[in-house]
2 protein chains.
Amino acid sequence: MARTTRPTLTHVAASAGVSVSTASLAFSGAGPVSERTRQRVLDAAAELGYAGPDPMARSLRQGRTGIIGVVFAERLRHAFRDPVAIALLDGLAEELGPVGPGLLVLTGNDERAGPSTEQLAAAPLDAAVFATCDLEEEPLVEPLRVREIPMVGIEGPRMPGVSLVDIDNIGASREVTEHILSLGHKRIAAVVLPWRPGRQRGFLDRARRDLSGSVVFADRLRGTEEAIGASVHAWEAAASTVEEGRAAGRALLDVDEPPTAIVAHSDLLAAGVIQAAHELGLRVPEDLSVAGFDGIDTPWLDPLTLTTAVQPMVEKGRIAGRMVTDLLAGRTPEDVLLPVHLRVGGTTAPPR
Amino acid sequence: MARTTRPTLTHVAASAGVSVSTASLAFSGAGPVSERTRQRVLDAAAELGYAGPDPMARSLRQGRTGIIGVVFAERLRHAFRDPVAIALLDGLAEELGPVGPGLLVLTGNDERAGPSTEQLAAAPLDAAVFATCDLEEEPLVEPLRVREIPMVGIEGPRMPGVSLVDIDNIGASREVTEHILSLGHKRIAAVVLPWRPGRQRGFLDRARRDLSGSVVFADRLRGTEEAIGASVHAWEAAASTVEEGRAAGRALLDVDEPPTAIVAHSDLLAAGVIQAAHELGLRVPEDLSVAGFDGIDTPWLDPLTLTTAVQPMVEKGRIAGRMVTDLLAGRTPEDVLLPVHLRVGGTTAPPR
DNA sequence: TTGAAAGCGCTAACAG
DNA sequence: CTGTTAGCGCTTTCAA
């Protein structure tokens, strides 16, 4: 007898001559079912073309979907252009992958905004990870907090109800700058990360500094200035990309008395600076020392190895994943601060 | 009176002194509700800390979640390292973003496998897009087909029940190779894409060619060989990355009589080949012509512009998104074949 | 414009 | 080991 609607567990149970609850157990394996019964149920299912319990019904019943949201406060194309974000996702997927259906990527559609409140409210999440956690995300946090969805932030500001995976941005940035100083550099400039909200490129002035915004931006800048002991001549990039780094490099280097060292607050920016230097006929590290931050793969710089602060990118994701697991299990994980270590490469040397 | 459990629509309705159905309408706006009533409901909700209708319950009732799955037949870190995949995702997000909660990324955890059947079966999807659609995915298709979930494939083989967004791989690859030939090159080699399943690097021999596998691999190779009119000396890369391209370049160039032109079947591979050439002291394009495929940004090649076949990466995603919309609306979209155009850059020139 | 009632498909007590 | 029963929280007829 043909049925036009999709078969349900009820149909399968009827066809196998058992009750729905027994059929349910046969699928979930969460109870005692004789092998014979179990097989009868599975056979009936196969025959009817039943694909297994409906995820939505199961979710409603169990009160969870197994879906973990990953929130980016920007458009997907921007978020995913950053190797650091990809590494984070990879670590997350590694840790959470076997558990549930997968990661729900929540991004905005505008250039700089994240997902809308409605979008967040409509997402069937068990937990959320803020991959780009800046102050402007406060409005993103609220709708999830109301729904009592466990949240994990990455390198964000400390917010009540949001577990945090942080790295030592200040210390690492200080260490990198100290390395530059120890080489004897005096004229040092910095290329800083986008100062959200309101990404724009240009020299960093008092007004921009005074805006509250990205914690990561502020911490890395602070590290650099703590090392120098004064405010640093800095260019603010509109994004962490090679292109932006190149623009920064041109702006900082194509002047009368260019710096002998540039501290970039991401490896992509550093790579762009190196490119700009080459275009201007400067050799790295002979004429210009360049340091980065992150420790991403930069095979195209070969044979140069970037001097940089290596942060545990994938590990951040793994730990965030473990925090999610803990939170879902009712445990309250401690905030984590991961170490970052200086890797001295071939892009820094004493000034001539 | 404190309540330990989260408030539901029933509580809100009771508190507002209306029926649940009215309260529901007040939230969805899908029916006639007086402004006064509506406001009362919203006020009650705010007071109780009700965050809006529960997504799971709503999904079960409506029979859809709004979630679109994006399936990758590999581990996340590999999938997301490819700018082509990112562009596709971006196009998808752009098209589908405003509609539902977001994109559910389904990847495997092993090096080369996609999500498990269980994972696919447990995912509350309205539709799925196969971002990496090779033959080996057949097992991925099946569980979704049984659940009657609409599917869209990208550059995959034509499969029943899977709408297809394709690009003219053969034609474009042929065109690129013809360009090389027209410059007068005789010794031409190719770097081909990973021949899944069983990625490995090495010279492409008869045995590898005869394996059935990636359609994209086969089509691009076919285009190249159609232009040449013979089989081409080729190196198979284990992935579409700069590093793999570099390894390929070394293998192909570090020999007695190296080719004067190399056709790489992706831009990342081409970039790696160029790097290898430079390392071997060869100038591009004077000593070696290199062509790619895809048309991604390669700012680090600057001032060189890659000769390549420019494919509409973001557009593929947008169109896939539109197909999903169509399928969900009960329409049956036509398969699409998008054009690819040759962009002659500075990496190809006549042989000396 | 509002309310009553049915039920989406499943799982988890509980009883046998 | 298996069956009965009661909802999960919501939307959607249908009737008032």
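Where does Glu148(B) lie in chain B? Glu148(B) is found in the loop between H8 and E4 of chain B, where helices (H or I, at least four residues) and strands (E, at least two) are DSSP runs, numbered from the N terminus.

The legends below describe a predicted model, in which local features need pLDDT of at least 70 and side-chain atom pairs count only at pLDDT 80 or more, while totals for chains, interfaces and linings use all residues. Residues are numbered from 1 along each chain as its sequence is written, chains are lettered from A and ligands numbered from 1 in the order in which they are written, and side-chain values use heavy atoms, with hydrogens and water left out.

View 1. Glu148(B) has a positive phi of about 60 degrees although it is not a glycine, and with a relative accessible area of 54% Glu148(B) is exposed (buried means under 20% relative accessible area, exposed over 50%, partly exposed in between, with a 1.4 Å probe and protein chains only). In chain A, Glu148(A) lies in the loop between helix H8 (138-146) and E4; its phi is near 60 degrees, again positive in a residue other than glycine, and its relative accessibility of 55% makes it exposed. Most residues other than glycine have a negative phi, and most peptide bonds are trans.

View 2. The bond from Val284(A) to Pro285(A) is cis, with omega near 10 degrees, and Pro285(A) belongs to the loop between helix H13 (267-279) and strand E10 (289-291) of chain A. In chain B, a cis peptide bond joins Val284(B) and Pro285(B), with omega about 10 degrees, and Pro285(B) is placed in the loop between helix H13 (267-279) and strand E10 (289-291) of chain B.

**View 3. An open sheet with strands from chains A and B.** Twelve strands form an open sheet with mixed pairing, in the order E12(A)-E5(A)-E4(A)-E3(A)-E1(A)-E2(A)-E2(B)-E1(B)-E3(B)-E4(B)-E5(B)-E12(B); two strands pair if DSSP finds at least two bridges between them. Strand E12 (336-338) of chain A and strand E12 (336-338) of chain B stand at the edges, each with a single partner strand, so one side of each has no neighbour in the sheet. Neighbouring strands of this sheet are turned by 20 degrees against each other on average, direction ignored. Within chain A, strand E3 (residues 127-130) and strand E4 (residues 151-154) run parallel and are joined by three bridges, with Val129(A) opposite Val152(A) in E4(A).

**View 4. Helix H6 of chain B across the sheet.** Helix H6 (residues 83-96) of chain B lies across strand E1 (68-75) of chain A and, in chain B, across strands E1 (68-75), E2 (103-108), E3 (127-130) and E4 (151-154), running at about 170 degrees to E1(B). Here contact means heavy atoms within 4.5 Å, and axes are lines fitted to C-alpha atoms, for helices over the stretch in contact, with angles from 0 to 180 degrees between N-to-C directions.

**View 5. A salt bridge between the chains.** The side chains of Arg77(B) and Asp90(A) form a salt bridge (2.6 Å, N to O), a term that stands for a side-chain nitrogen of Lys or Arg within 4 Å of a carboxyl oxygen of Asp or Glu. Arg77(B) lies in helix H5 (residues 76-79) of chain B and Asp90(A) in helix H6 (residues 83-96) of chain A, so the pair joins two chains. Arg77(B) is partly exposed at 29% relative accessibility, whereas Asp90(A) is buried at 1%.

**View 6. Salt bridges within chain B.** The side chains of Arg208(B) and Glu236(B) meet in a salt bridge (2.6 Å, N to O). Arg208(B) lies in helix H10 (residues 206-210) and Glu236(B) in strand E8 (residues 233-236) of chain B, so the pair ties together parts that are 28 residues apart in sequence. Both Arg208(B) and Glu236(B) are buried. A further salt bridge pairs the side chains of Glu142(B) and Arg145(B) (3.2 Å, N to O); being three residues apart in helix H8 (residues 138-146) of chain B, these two are separated by about one helical turn.
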